[in-house]
Structures are given as C-alpha cells and as structure tokens.
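Dear colleague,

Please find the structure below, handed over for your own work.

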Amino acid sequence: MYFQQLIDRTDTLLAKLESSLPPTPPAQDWQAVAYRWRKPHDHGYLQPVAHPHRVQLSDLQNVDLQKDRLLANTRQFVRGQLANNVLLTGARGCGKSSLVKAVWNEFRDQGLRLIEVEKTHLVDLPDIVALVADRPEQYLIFCDDLSFEEGDWGYQALKTALDGSIAAPSANVLIYATSNRRHLLPEYHDENRQTRYVDGEIHPGEATEEKIALSERFGLWLSFYGFSQDEYLTACRHWCTTLGGSAWDNAAEREALQWAQGRGARNGRVAWQFARDRVGQEKSRDA
C-alpha cells in the first residue's frame with residue numbers, strides 16, 4: 001500500500017515536471033528556401049517561411065549601381081568564389097531591404113537560402129552558423145534595420161561573427177545587413193572632443209574607433225540616398241503601371257507630388273504607397 005502511494009506521487013510529480021518543460025523544437029525542415037530564426041525557449045531553430053516576399057529586381061528604381069554591386073557579390077558567393085559581407089546604409093525607404101530580398105530571389109533556384117535574424121537574436125549567430133555549416137546550400141543571414149544602443153550584447157556577437165572568432169568563417173554563409181546608420185551605433189558630439197592631432201595626423205578617440213570597428217568588418221558598403229523629383233516620379237510611374245493602373249498623365253504626376261509633400265519624403269517606399277492608393281481607388285471606381 002505504501003509503495004503504491006509512493007509510486008502514484010512520483011508519477012504525479014513527474015507529470016507536473018514534464019508539463020513545465022519547454023516544448024521540443026520541431027524537426028528541422030531543410031526543404032524551405034527562406035527561414036526565420038526562432039528561439040521561444042532555450043533551443044533555437046530555423047522556422048521555414050511559408051510565403052517569402054518575392055521582390056523582383058526590375059521593380060527597384062534608381063539604385064542601379066547598388067544593384068549591380070550586390071548582384072556581383074552574390075553571384076560570386078553562389079558560384080563558390082570569394083565574396084564579402086555587405087552593409088547597406090542610408091536614407092529610409094530607398095530600397096535597402098528590398099534589394100537584399102530581390103537579389104536572394106534572383107539566385108534562390110541556384111541553392112541560395114535566406115535566414116532572417118532579428119537584432120535580439122544576434123547573440124545566437126554562432127549557433128546559426130554552426131547549424132548550417134555542413135549543408136550543401138549557401139546561406140545569406142539577413143539582419144534588417146540594424147542599429148545598436150550602448151551596451152547591446154548583439155553588437156559584440158555580430159562583430160565576432162563577421163571577423164573576430166578563433167574559428168574560420170564558414171564558406172557557405174554571408175551576412176547582409178541594412179541600417180540607417182553607417183556605424184550602427186549612436187554617435188555623440190562629446191566623442192569628437194577625444195580626437196587628437198599628432199604631427200598633423202588625426203587620431204580619433206577610443207569611442208569613435210570602437211563604433212567604426214563594426215562597420216569596417218563588412219567588406220562591402222552600399223549607400224542609398226533620397227530620390228530627386230524626377231527619380232521619384234519615375235518610381236511612381238513604374239509602380240502604377242506594374243499594379244495595373246491607368247495611363248500615366250499630368251494629373252497622376254500632380255497627385256504623386258502632392259502625396260510626397262504630405263509624407264515629407266521622396267523615396268521608393270513612398271512611391272509604392274502612392275501607387276497602391278491610386279490604383280486601388282481606380283479599381284474601386286471600376287468595380
């Protein structure tokens with residue numbers, strides 16, 4: 001009787017302990033073409049993206065130089081040749097993230113895979129690289145809208161993953177990151193006072209050197225700028241045509257300029273939003 005009670009209590013305790021344990025991560029699916037890194041508990045895994053955003057290179061306007069450079073770098077990588085990690089920086093809404101997705105889409109049928117990693121999970125970069133290191137595919141680790149505040153742990157993890165580990169970089173992994181900041185960290189006026197002039201040479205202070213150190217570990221920098229009025233109208237015309245709008249005319253041009261004034265910016269994102277609004281209204285009237 002006593003032993004049966006002890007067994008029952010043990011079973012109850014084990015059941016409670018089992019219910020409190022985190023669920024086992026799903027078996028890794030290697031058939032997907034795009035993933036997000038997920039870490040709900042202590043064990044991370046690559047979650048397949050069911051419907052990846054398939055951006056076309058032809059939809060990206062006014063960034064031909066950046067497009068050519070990123071295409072060439074990615075083509076080298078896919079062919080097993082030497083290539084660089086890339087930092088895309090500059091004005092918001094000008095196509096940084098879209099260009100990464102478009103270039104990936106261009107090569108995904110050649111074995112190129114995309115892994116999106118949020119800033120909060122950058123500390124897991126060594127685990128992600130180790131997970132895919134023996135796979136036959138090439139992987140782009142995509143860090144979007146990247147910036148750090150003082151003391152962020154992810155800063156050091158990214159710095160090490162780029163070029164600071166005792167382990168050699170994995171041949172089948174590149175990191176593509178986008179940011180509105182060139183140096184990825186906030187920069188303060190007081191830091192300029194640390195700059196020293198020695199024998200006519202400029203020596204930045206330690207704080208400035210530390211902030212430059214991360215961005216310099218990216219082998220290729222691509223800069224993006226706001227659109228001129230003509231470039232903005234070109235993008236608006238492209239998207240209106242692509243989305244099935246009516247013929248472009250002077251009235252559409254005036255509407256596009258008014259839309260940009262209301263948003264306080266001229267860039268690809270604003271052009272795309274204008275086209276969606278205008279074409280959507282046209283189709284609603286015709287319905």
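What is the order of the strands in the open sheet of 7 strands? The order is 2-1-4-5-6-3-9, and the pairing is mixed. Strand 2 (45-48) and strand 9 (220-224) are the edge strands, each pairing on one side only. On average, neighbouring strands of this sheet are turned by 25 degrees against each other, direction ignored.

This is a predicted model, in which local features need pLDDT of at least 70 and side-chain atom pairs count only at pLDDT 80 or more, whereas totals for chains, interfaces and linings use all residues. Residues are numbered from 1 along each chain as its sequence is written, and side-chain values use heavy atoms, with hydrogens and water left out.

As to terms, helices (H or I, at least four residues) and strands (E, at least two) are DSSP runs numbered from the N terminus. Two strands pair if DSSP finds at least two bridges between them. Axes are lines fitted to C-alpha atoms, for helices over the stretch in contact, and angles run from 0 to 180 degrees between N-to-C directions.

Within the sheet, strand 5 (residues 138-143) and strand 6 (residues 173-179) run parallel and are joined by 5 bridges. I141 stands opposite I175 in strand 6. Helix 4 (residues 125-132) packs on the sheet, where it touches strand 1 (34-38), strand 2, strand 4 (112-116), strand 5 and strand 6; contact means heavy atoms within 4.5 Å. The direction of helix 4 makes about 160 degrees with that of strand 5.

Helix 2 (residues 64-78) packs against helix 3 (residues 96-107) at an angle of about 40 degrees, and their axes are 10 Å apart. Helix 2 is therefore oblique to helix 3 (angles under 35 degrees count as roughly parallel, over 145 as roughly antiparallel, 65 to 115 as roughly perpendicular and the rest as oblique). Residues of helix 2 in this contact include L70, L71 and V78, and those of helix 3 include L99, V103 and F107.

Two individual residues may also be of interest. A265 is in the loop between helix 9 (250-263) and helix 10 (268-286). At 16% relative accessibility, A265 counts as buried (under 20% relative accessible area; exposed is over 50%, partly exposed in between, with a 1.4 Å probe and protein chains only). Not counting residues up to four places away in sequence, A265 touches R92, A260 and V270. H238 lies in helix 8 (residues 229-242) and, at 19% relative accessibility, is likewise buried. Leaving aside neighbours within four places in sequence, H238 is in contact with S58, D59 and Q61.

Yours sincerely
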